[in-house]
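Dear colleague,

Please find the structure below, handed over for your records. My notes on it follow directly after.

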Amino acid sequence: MSLSGFFHSFPGLYVTQAFFHSLVASVVAEIAIKAWDVRNPVVRQRVLLVPVVAPVFLFPLFRLVSPERDSAYFRLETIFESGRWLEFEALGTRPAMGGLALVFAVTSLVFLFQELIPILGHTFRSGKPGKSPDTLDCMEDPEILAEMESLMVVPPSVFVVEDDDFLIFSTTGKNAAVYVSSSLVKSLTEGELRSAVAHEISHVLRSRHPMLVAAYLLRALMFFNPVVLMEFRRAAQEEEKVCDAFAVNLTRNRGALVDALRKLYLPPEEDAPVARRTTRKTAKEIEERSHRLNIESRISRLESRIEEDRGIRWLVPTAVVAAVVVINYYIV
């Protein structure tokens, strides 16, 4: 099948319109966050997931409601008609069509190597019990235990692994657990360690949240879509702030979590050699800088004690969904 034949087939129309629908949804979501000054990470995450979820359903929904969407008459009345741009020719080629196919291919490879393969590997490893971890007794704290029991869930096990690096992470699935390196246990105070562990426990508990599980599965269907890739990662960053709030509610020690984050992720930055300052930043340096900014943002939020805008918890996401559906109806 030729490239032109693919983009005129049902799968081609689906991926093309899904891309533009997610692009419109991303713009609407960003405007809503700015206009309402949304700071609650739960609300921000719901809004950012609209561009992830909506494109999965909009194309088949619109065709079901309005079968005449493929007619020339309907397309002439739309806001944006993708076919007209894809058929644009220059020097005997169709650059828009080729460019879009290239974007889809690169995004698919990024999804495969950065998300799907690591997740499958993690799922495979999490199905096996650890070799020789020592159980950490922080869950014997009666206050934490009472909080966990109030959640009506089985708290994950917490293990200490021998390692000289600062490490703390959680695994999900059948054998969900939190792992902390022995070096980190020695370096954090009791309150800091409790806060860090509470944050990871939140990740384990929220990994079973039906909305988040559904969002990831739907995101996987949009593996080719760069807008969905970007918005899903932004939503994942909000997840860290949601888990921070959970940890603070659990331990009631905001300062301890701030101190733990600083010790874990914000070591003093070393001055780069003069020769390196003039060279182009590598992808790794940019990634590390982005990670540091994200941690600083989490610390700033914790220290600012921002009021939770609970009144717009569902109002903003609902308004964004409505606007996205209405506008995208006229994007074909």
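Is Phe113 buried or exposed? Phe113 is exposed, at a relative accessible area of 54%, where buried means under 20%, exposed over 50% and partly exposed in between (1.4 Å probe, protein chains only).

As to conventions, this is a predicted model in which local features need pLDDT of at least 70 and side-chain atom pairs count only at pLDDT 80 or more, while totals for chains, interfaces and linings use all residues. Residues are numbered from 1 along each chain as its sequence is written, and side-chain values use heavy atoms, without hydrogens and water.

Phe113 lies in helix H6; helices are DSSP runs (H or I, at least four residues), numbered from the N terminus.

Leaving aside neighbours within four places in sequence, Val320 is in contact (heavy atoms within 4.5 Å) with Val28, Ala29, Ala32, Val47 and Val50.

Helix H9 (residues 190-206) reaches 24 Å from its first C-alpha to its last, close to the 24 Å expected at 1.5 Å a residue, the expected span being 1.5 Å times one less than the number of residues. In H9, 15 of the 17 residues are buried, so this helix is largely enclosed by the rest of the structure.

Definitions and conventions: Helices (H or I, at least four residues) and strands (E, at least two) are DSSP runs, numbered from the N terminus.
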